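My notes follow in the order I checked things.

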Amino acid sequence: EEMGITVEPVSVARAYENNLSIGHYFLPGAEEAVERLSKKYKLYLASNGTASVQKGRMTSANLYRFFEKVFVSQEIGHNKPAKAYFDACFAQIPNFDPAKAMIVGDSLSSDILGGINAGIKTCWVNPNGKTAPAHIKPDYEIRALAELPELLERIG
């Protein structure tokens, strides 16, 4: 209104989501690390967000080939860090063993707290060396995804 533009909110929201779904970017070493890990481990992707945006990004990045399944909060019906989100994901993983699982992510509030809520190991990707608050303590911390294969080898 301030700019004198009349638009349909639903069409603007659709255009915004469509633009979000186009393209992607990788953290340094991420694609190589995921490719290497996928040869040894079963990888699953857990993501908050809308299905159309996440599917578009996964397709443009050609990442589906590395993951057994992709779990998107809009399809699951819950968001990370809710335990219900992780319970729904785990129910879809054959022979899931929480003792052998780890969530790796850059968000303390959704990935790491979610892993803690779900009772699985956590690894915080912290490229800027931030300090975690006392109530969210990751089990492991790395600066780059390229460090993950070595960490997993070390901890077995």
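I started with Ala-46 and found that it stands opposite Phe-71 in β2. The model is a predicted one, and I read every entry below with that in mind.

I then looked up the strands themselves. β1 covers residues 44–47 and β2 residues 69–72; the two run parallel and are joined by four bridges. Between them I followed the chain from β1 through helix α3, residues 51–61, to β2, and noted a right-handed β-α-β crossover.

Next I went through the salt bridges. The count comes to seven, and I wrote down three of them.

The first entry is Glu-153 with Lys-40, whose side chains meet at 2.3 Å, N to O. I noted that this pair links distant parts of the chain, 113 residues apart: Glu-153 is in helix α7 (residues 148–155), and Lys-40 is in the loop between α2 (30–38) and β1. Lys-40 has 53% relative accessibility, so I list Lys-40 as exposed. Glu-153 has a relative accessible area of 46% and is therefore partly exposed.

I noted Lys-83 as partly exposed at 42% and Asp-87 as partly exposed at 37%.

Which side chain does Lys-80 contact? I found a polar contact of 2.5 Å with the side chain of Asp-111. Lys-80 lies in the loop between α4 (73–76) and α5 (83–90). Its relative accessible area is 8%, so I list Lys-80 as buried.

Is Ser-107 buried or exposed? Ser-107 has a relative accessible area of 19%, and the cut-off for buried is under 20%, so Ser-107 counts as buried. I placed Ser-107 in the loop between β3 (102–105) and α6 (108–118). Its side chain joins that of Ser-110 in a polar contact of 3.0 Å.

Last, I checked the surface for nonpolar residues. Met-3, Ile-5, Val-7 and Val-12 form a patch there, with about 420 Å² of accessible area together. Of these I also placed Val-7, which is in the segment before α1 (9–21).

How values were computed: Residues are numbered from 1 along each chain as its sequence is written. This is a predicted model: local features need pLDDT of at least 70, side-chain atom pairs count only at pLDDT 80 or more; totals for chains, interfaces and linings use all residues. Side-chain values use heavy atoms; hydrogens and water are left out. Buried means under 20% relative accessible area, exposed over 50%, partly exposed in between (1.4 Å probe, protein chains only). A polar contact is a pair of N or O atoms within 3.5 Å; within protein, one must be able to donate a hydrogen and the other to accept it, and residues adjacent in sequence count only if both atoms are side-chain atoms. Patches are made of residues with over 30% relative accessible area and no salt bridge: like charges are joined within 9 Å, nonpolar side chains (Val, Leu, Ile, Met, Phe, Trp, Tyr) within 5 Å. Accessible areas come from the Shrake-Rupley method with a 1.4 Å probe; for residues, only the protein chains shown count as cover. A salt bridge is a side-chain nitrogen of Lys or Arg within 4 Å of a carboxyl oxygen of Asp or Glu. Two strands pair if DSSP finds at least two bridges between them. A crossover is right-handed if, with the strands pointing away from the viewer, the path from the first strand over the helix to the second runs clockwise.
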